[in-house]
There are 2 protein chains.
Amino acid sequence: MKILVTGAAGFLGRRLINALLQRGSLSDRQGVSQAISTLVAFDLMPLAGFSDSRLKVLCGDIADPEVLRGLVDAETDSIFHLAAVVSSQAEQDFELGMRINFAATQNLLERIRRLGTCPKWVMTSSVAVFGGQLPEQVEDDQVWAPQSSYGTQKAMNDLLLADYSRRGFVDGRSLRMPTIAVRPGKPNLAASSFASSIIREPLNGQESVCPVPLETRLWLMSPAQAISNLIHGHELPGEMLRRGRVINMPGLSITVEKMIDALRQTAGDEVANRVRIERSPAIEKIVGSWPGSFASSYARNLGFTHDQDFDDVIAQFVDEYLPQALES
Amino acid sequence: MKILVTGAAGFLGRRLINALLQRGSLSDRQGVSQAISTLVAFDLMPLAGFSDSRLKVLCGDIADPEVLRGLVDAETDSIFHLAAVVSSQAEQDFELGMRINFAATQNLLERIRRLGTCPKWVMTSSVAVFGGQLPEQVEDDQVWAPQSSYGTQKAMNDLLLADYSRRGFVDGRSLRMPTIAVRPGKPNLAASSFASSIIREPLNGQESVCPVPLETRLWLMSPAQAISNLIHGHELPGEMLRRGRVINMPGLSITVEKMIDALRQTAGDEVANRVRIERSPAIEKIVGSWPGSFASSYARNLGFTHDQDFDDVIAQFVDEYLPQALES
């Protein structure tokens with residue numbers, strides 16, 4: 001079985017590759033478990049830090065149809081399409097966002113259509129497709145009204161994937177992801193970057209600025225949960241997807257205030273007091289347009305799962321990235 | 001004031017051009033009424049049958065960026081973008097549909113963005129963006145779930161136009177149109193073509209086949225009403241569009257059975273008996289996925305209007321296209 005992962009050098013991409021290599025097999029379109037023989041890891045920069053004979057590391061511009069021809073062939077059984085530029089970046093640079101977040105997806109789907117092999121396809125969509133007047137809890141039939149170019153591009157991908165799937169060009173699944181936290185590393189240009197920063201930086205002994213008010217409600221998923229749902233999304237038989245190819249993921253609905261409370265509970269006052277609210281109208285406008293809670297009935301019926309508790313999400317981060325913090 | 005109409009040689013395009021030339025003026029972006037000095041009428045084939053010094057007839061491939069450069073310039077104040085291939089055609093020929101219904105719109109928006117002039121833009125969307133499990137009456141916040149490539153392409157246009165408008169590249173309005181009936185002329189490849197045929201052909205002394213069951217509920221708008229709403233959509237100040245750039249139009253909700261009853265009422269048994277039900281699974285699948293009734297609250301608040309009664313819609317058609325029928 002040959003698998004392609006785009007955005008492989010990103011945070012989720014790396015975790016997914018690790019999980020796929022460890023797991024060693026996936027279901028094919030007939031529902032038969034197959035050993036992964038080749039895992040193509042593609043990104044703008046080459047993926048580093050892995051050593052596995054099944055791994056084939058490629059890099060290049062994902063929006064370039066020439067590059068895509070070398071990336072996907074008739075042997076490609078499954079694609080995890082994670083490549084994207086993040087929300088604030090797509091907002092700052094309209095052309096870059098359209099190119100990477102939309103044109104690349106369209107070109108990749110076109111490449112597959114021309115091959116005629118109908119591989120499985122799992123991609124990540126975003127709650128940024130929602131906006132405007134929203135109920136407290138968003139149902140699966142809530143209209144999309146993106147308030148950002150990022151959300152627009154993700155919604156266009158979702159429409160395209162659904163139509164390519166309906167026509168039998170691809171066996172697609174788009175998982176509409178909550179904000180993923182806690183991410184390791186440095187802040188990025190995602191408008192939701194603070195959701196990780198307000199936990200990660202204080203635990204690392206640094207001050208952290210939260211750009212939105214304490215009462216802001218976020219819809220979160222931990223990195224481990226995200227990977228588990230991506231693989232679950234791949235394994236589902238296409239026939240089960242009777243209510244569509246775009247699935248609002250379940251998640252944990254929590255206010256910024258409760259997140260900081262959980263940090264205080266876990267790590268004490270000194271750590272929690274390192275978070276300072278300093279509102280940014282630009283970030284607040286984007287994040288404030290995202291719903292803080294979803295019914296996700298379709299996803300739950302399909303067996304997707306979510307984190308139960310933010311204390312556990314913090315513990316997961318500490319356990320993986322700050323093991324010394326546990327010893328102190 | 002310089003206006004562009006794409007799809008000018010189509011049924012709605014011709015009527016719109018006629019209405020604009022008669023009207024002679026439109027509001028500019030500042031809300032000031034301006035005389036129409038140039039009306040560019042663009043289509044694949046040249047528009048014929050008009051004689052007016054303000055009219056400039058151009059033709060070519062609307063998906064070709066080179067052609068678009070000659071079509072829109074810094075003087076273009078307003079665009080009515082009606083060019084499209086119809087639903088069944090987009091379903092039969094995926095590439096053609098993507099090219100004319102989506103890529104052309106994207107290229108035209110890109111041309112405008114690069115000019116930096118932010119013209120007014122009115123386009124037609126479609127109820128074909130809806131599908132799946134639907135309530136009896138569709139509200140403005142109903143999610144889009146197109147069951148056809150045509151609906152997918154229209155929904156992608158709507159998303160793109162909303163984002164280009166939000167960013168100030170264009171002052172866009174997308175009117176999500178009911179099925180337009182009664183159209184003159186011959187049946188076309190629109191899945192909804194029968195909605196006109198079952199009235200038009202019997203009145204013309206011909207048999208007509210209805211491919212959907214009598215209880216099928218349609219959401220209709222007469223041609224005159226459609227033109228009036230397109231112009232109303234143009235005239236609305238952008239500031240009023242606080243709930244978005246995509247507007248579900250009001251319409252007349254009626255079953256095929258009631259349409260035939262109205263035909264019987266107007267033209268008698270002999271005419272009405274020329275309609276025969278012969279179900280087509282392909283057409284039924286597309287048309288059956290479209291909702292038969294909409295709340296259209298946003299549109300009503302914005303002053304868009306609808307036909308009150310299908311008898312009047314038939315009378316409008318007879319009056320315009322079959323005046324001799326009135327005399328008999």
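This is a predicted model: local features need pLDDT of at least 70, side-chain atom pairs count only at pLDDT 80 or more; totals for chains, interfaces and linings use all residues.
Zooming in on one pairing, E9(A) and strand E11 (residues 217–221) of chain A run parallel and are joined by 2 bridges. Within that pairing, A:Thr179 finds itself opposite A:Leu220 of E11(A).

## H6 against H8 in chain A

Staying in chain A, helix H6 (residues 194–203) packs on helix H8 (residues 256–267) with about 20° between them and 10 Å between their axes. Angles under 35 degrees count as roughly parallel, and H6(A) and H8(A) are therefore roughly parallel to each other. The crossing of H6(A) past H8(A) is right-handed.

Who does the touching? On the H6(A) side, the contact residues are A:Ile198, A:Ile199, A:Pro202 and A:Leu203, while H8(A) brings in A:Met259, A:Ile260, A:Leu263 and A:Ala267. Sorted by class, that gives 8 nonpolar residues, with no polar and no charged ones.

## The seven-stranded sheet in chain B

Over in chain B there is an open sheet of 7 strands with parallel pairing, and its order reads E5-E4-E1-E6-E7-E8-E12. Strand E5 (55–59) and strand E12 (246–248) of chain B are the edge strands, pairing on one side only. From one strand to the next, the twist averages 20°.

Inside this sheet, strand E1 (residues 2–6) of chain B runs parallel to strand E4 (residues 38–43) of chain B, and 5 bridges hold the two together. To pick one of the residues involved, B:Val5 has B:Ala41 in E4(B) as its bridge partner.

A helix also lies over part of the chain B strands: H5(B) goes across strand E7 (120–126), strand E8 (171–177) and E12 of chain B. Its direction relative to E7(B) is about 155°.

## Two oblique helix pairs in chain B

Take helix H8 (residues 256–267) of chain B next, which packs on helix H12 (residues 310–321) of chain B at an angle of about 60°, the axes being 9 Å apart. That angle makes H8(B) oblique to H12(B), and the crossing of the two is right-handed. From H8(B), the contact draws on B:Lys258, B:Met259, B:Ala262, B:Leu263, B:Gln265 and B:Thr266, and from H12(B) it draws on B:Phe310, B:Asp311 and B:Ile314. By class, the H8(B)–H12(B) contact comes out as 5 nonpolar, 2 polar and 2 charged residues.

Then there's helix H1 (residues 11–23) of chain B, packed on helix H7 (residues 223–235) of chain B at about 60°, with 10 Å between the axes. H1(B) is thus oblique to H7(B), with a right-handed crossing. Here B:Leu12, B:Arg15, B:Leu16 and B:Ala19 of H1(B) meet B:Pro223, B:Ala226, B:Ile227, B:Leu230 and B:Ile231 of H7(B). The class count for H1(B) with H7(B) is 8 nonpolar, no polar and 1 charged.

## How the two chains meet

Now for the interface: 18 residues of chain B are in contact with 18 residues of chain A. On the chain B side, the top contributor is helix H5 (residues 149–166), which supplies 7 residues. The side of chain B that touches chain A splits into 9 nonpolar, 5 polar and 4 charged residues. Of the interface residues of chain B, 100% are also interface residues in chain A, so the copies meet through the same surface.

Note on methods:
Residues are numbered from 1 along each chain as its sequence is written. Chains are lettered from A and ligands numbered from 1 in the order in which they are written. Axes are lines fitted to C-alpha atoms, for helices over the stretch in contact, and angles run from 0 to 180 degrees between N-to-C directions. Helices (H or I, at least four residues) and strands (E, at least two) are DSSP runs, numbered from the N terminus. Angles under 35 degrees count as roughly parallel, over 145 as roughly antiparallel, 65 to 115 as roughly perpendicular and the rest as oblique. A crossing is left-handed if the near helix is turned anticlockwise from the far one by less than a right angle, and right-handed if clockwise. Two residues are in contact if their C-beta atoms, placed from the backbone, lie within 7 Å. Ala, Val, Leu, Ile, Met, Phe, Trp, Tyr, Cys and Pro count as nonpolar, Asp, Glu, Lys and Arg as charged, and the others, Gly among them, as polar. Two strands pair if DSSP finds at least two bridges between them.
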